[in-house]
Amino acid sequence: MTYCSGCGTKLEQGMQACPACGKMDGTSATDAAQGQAFAAAQAEGATAFPQTAPKNDTPDIWIPILAFFIPVVGLILYLVWKDDKPQSSSAAGKFALIGFIVEVVIGILIFCSIIFLISMSTI
Ligand SMILES: [Zn+2]
């Protein structure tokens, strides 16, 4: 006399499946094999269908503005979001670079105009 490994119902000799729950008798080994096959199939499916891009990756309007005016923040956001939010990351990085260049140019212009004013005043 054997018992169903799933629900414990008594099984008659030679019974293939449990009449109560339908579980195959004495199938712990095959169950494990089936489970492994299922897991393998799932893993294959996971690789066949790569994870879709994370949702909510539309760059917010404040990201480029913040990155533009404070390029350091933009650079940090770029590094933080590089893997999780590629779109927000690229927006932050791009505007951080633009902001950095603009600020360097403005800095040079201010520097030159100060030099110019000093040289004018000394003449
Ligand atoms: Zn059963």
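1. Burial overall. In this predicted model, 15% of the 123 residues of the protein count as buried. The points below look at where some of those buried residues sit.

2. Layout. The protein has 4 helices and 2 strands. Along the sequence they follow the pattern β-β-α-α-α-α. Take the contacts with a separation of 6 or more: residues 24 or more positions apart account for 36% of them.

3. The core. Which residues make up the largest nonpolar core? There are 10: Ile63, Ala67, Phe68, Leu77, Tyr78, Trp81, Ala91, Ala92, Phe95 and Ala96. The elements giving two or more residues to this core are α2 (62–69), α3 (71–81) and α4 (86–122). The largest share, 4 residues, comes from α4. As background, nonpolar side chains tend to be buried together in soluble globular proteins.

4. Helix α2. Find Ile63, Ala67 and Phe68 on the structure; these residues of α2 are buried. Seen down the axis of α2, the buried residues fall within an arc of 125 degrees, so they line one face of the helix. What covers the buried residues of α2 includes α3 and α4.

5. Phe68 up close. Which residues does Phe68 touch, not counting residues up to four places away in sequence? Phe68 touches Phe95, Ile98 and Gly99. Phe68 and Phe95 both belong to the largest nonpolar core.

6. Helix α3. Here the buried residues are Pro71, Gly74, Leu77, Tyr78 and Trp81. They cover an arc of only 115 degrees around the axis, which puts them on the same side of α3. Now look at the other side of α3: Val72 and Leu79 are exposed there. The buried residues of α3 pack against α2 and α4.

7. α2 against α4. Two packed helices are described by the angle between their axes and the distance between the axes. For α2 and α4, the angle is about 30 degrees and the axes are 7 Å apart. That angle is under 35 degrees, so α2 is roughly parallel to α4. The crossing of α2 past α4 is right-handed. From α2, Ile63, Pro64, Ala67, Phe68 and Phe69 take part. They meet Ser88, Ala91, Ala92, Phe95, Ala96, Ile98 and Gly99 in α4.

8. α3 against α4. Are these two helices roughly parallel or roughly antiparallel? Their axes come within 8 Å and cross at roughly 155 degrees. An angle over 145 counts as roughly antiparallel, and α3 and α4 are therefore roughly antiparallel to each other. α3 passes α4 in a left-handed crossing. On the α3 side, the contact is made by Pro71, Gly74, Leu75, Leu77, Tyr78 and Trp81. The residues of α4 in this contact include Ser88, Ala92, Phe95, Gly99 and Glu103.

9. Ser88. This residue is found in helix α4. Why does Ser88 count as buried? The cut-off is 20 or more other C-beta atoms within 10 Å. Ser88 has 23, so Ser88 is buried. Leaving aside neighbours within four places in sequence, Ser88 is in contact with Asp57, Pro59, Ile63 and Trp81. Ser88 and Ile61 are 27 residues apart in sequence, and their C-alpha atoms are 9.9 Å apart in space.

Methods
Residues numbered from 1 in each chain as written. Predicted model: local features only at pLDDT ≥ 70, side-chain atom pairs only at ≥ 80, totals over all residues. Core = buried A, V, L, I, M, F, W, Y, C linked by C-beta atoms within 7 Å. Buried ≥ 20, exposed ≤ 12 C-beta atoms within 10 Å, placed from the backbone. Contact = placed C-beta atoms within 7 Å. Arc of directions from axis to C-beta. Axes fitted to C-alpha atoms, helices over the stretch in contact; angles between N-to-C directions. Parallel < 35°, antiparallel > 145°, perpendicular 65-115°, else oblique. Left-handed = near helix turned anticlockwise from the far one by under 90°.
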